[in-house]
Amino acid sequence: GEYDKALEKTDLLLALGHRSSEVYVAKGEAYLYKHSYTEALECFDKALELDSDSEEALEHKENVIQLL
């Protein structure tokens with residue numbers, strides 16, 4: 001589906017060396033919409049490691065924690 005394609009794209013970007021908080025946020029969002037909350041949380045944590053000021057990653061992380 002749509003979210004599987006998003007995961008493929010983010011995996012490709014990461015494989016090509018595009019490690020950014022934005023890529024991890026996008027990947028986490030795809031996992032979130034697939035209800036794969038543990039994987040989503042890991043992505044948002046990685047996004048915050050790369051950019052501790054990422055409000056988007058922090059907000060998503062808080063939402064996922066409430067769903068776990």
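Biologist: Let's start with Ala40. Which residues does Ala40 touch, leaving out residues up to four places away in sequence?

Modeller: Ala40 touches Gly28, Tyr31, Leu32 and Val64, with residues up to four places away in sequence not counted. Keep in mind that this is a predicted model.

Biologist: Noted. Which residues have the most contacts inside the largest nonpolar core?

Modeller: Ala40 and Val64 do. That core has 17 residues.

Biologist: Which elements give two or more residues to this core?

Modeller: Helix 1 (2-15), helix 2 (21-33), helix 3 and helix 4 each do. Helix 3 gives the most, with seven residues. As background, nonpolar side chains tend to be buried together in soluble globular proteins.

Biologist: Now helix 3 and helix 4. At what angle do they pack?

Modeller: Helix 3, residues 37-50, and helix 4, residues 55-67, pack at about 150°, and their axes are 9 Å apart. An angle over 145 degrees counts as roughly antiparallel, so helix 3 is roughly antiparallel to helix 4.

Biologist: Is the crossing of helix 3 and helix 4 left-handed or right-handed?

Modeller: Helix 3 passes helix 4 in a left-handed crossing.

Biologist: Which residues meet there?

Modeller: From helix 3 the residues are Tyr37, Ala40, Leu41, Phe44, Asp45, Ala47 and Leu48. They meet Ala57, Leu58, His60, Lys61, Val64, Ile65 and Leu67 of helix 4. By class, the contact of helix 3 with helix 4 has 11 nonpolar residues, one polar and two charged.

Biologist: And helix 2 against helix 4, how do their axes cross?

Modeller: The axes of helix 2 and helix 4 cross at roughly 25° and come within 11 Å. Angles under 35 degrees count as roughly parallel, which means helix 2 is roughly parallel to helix 4. This crossing is left-handed.

Biologist: What makes up the contact of helix 2 with helix 4?

Modeller: Helix 2 brings Val25, Glu29 and Leu32, while helix 4 brings Glu56, Ala57, His60, Val64 and Leu67. Those residues divide into five nonpolar, one polar and two charged.

Biologist: Let me pick out Ala57. Buried or exposed?

Modeller: Ala57, in helix 4, counts as buried because its relative accessibility is 0%, and buried means under 20%.

Biologist: What does Ala57 touch, apart from residues up to four places away in sequence?

Modeller: Val25, Phe44, Ala47 and Leu48. Val25 is in the helix 2 contact with helix 4, and Phe44, Ala47 and Leu48 are in the helix 3 contact with helix 4.

Biologist: How far is Ala57 from Ala26?

Modeller: Their C-alpha atoms are separated by 9.4 Å, and Ala57 and Ala26 are 31 residues apart along the chain.

Biologist: Change of topic: Ser21. Where is it found?

Modeller: Ser21 is in helix 2. Its relative accessible area is 6%, so Ser21 is buried.

Biologist: What is Ser21 in contact with, leaving aside neighbours within four places in sequence?

Modeller: Ser21 is in contact with Ala47, Leu50 and Asp51.

Biologist: Last one, Asn63. Why does Asn63 count as partly exposed?

Modeller: Its relative accessibility is 35%, and partly exposed covers the range between the 20% limit for buried and the 50% limit for exposed. Asn63 is found in helix 4.

Biologist: And how far apart are Asn63 and Leu41?

Modeller: In space they are 9.4 Å apart, C-alpha to C-alpha, and in sequence Asn63 and Leu41 are 22 residues apart.

Notes
Residues numbered from 1 in each chain as written. Predicted model: local features only at pLDDT ≥ 70, side-chain atom pairs only at ≥ 80, totals over all residues. Heavy atoms only, no water. Axes fitted to C-alpha atoms, helices over the stretch in contact; angles between N-to-C directions. Helix = DSSP H or I, 4+ residues; strand = E, 2+ residues; numbered from the N terminus. Parallel < 35°, antiparallel > 145°, perpendicular 65-115°, else oblique. Left-handed = near helix turned anticlockwise from the far one by under 90°. Contact = heavy atoms within 4.5 Å. Nonpolar A, V, L, I, M, F, W, Y, C, P; charged D, E, K, R; others polar. Core = buried A, V, L, I, M, F, W, Y, C linked by side-chain atoms within 4.5 Å. Buried < 20%, exposed > 50% of the residue type's maximum accessible area, 1.4 Å probe, protein only.
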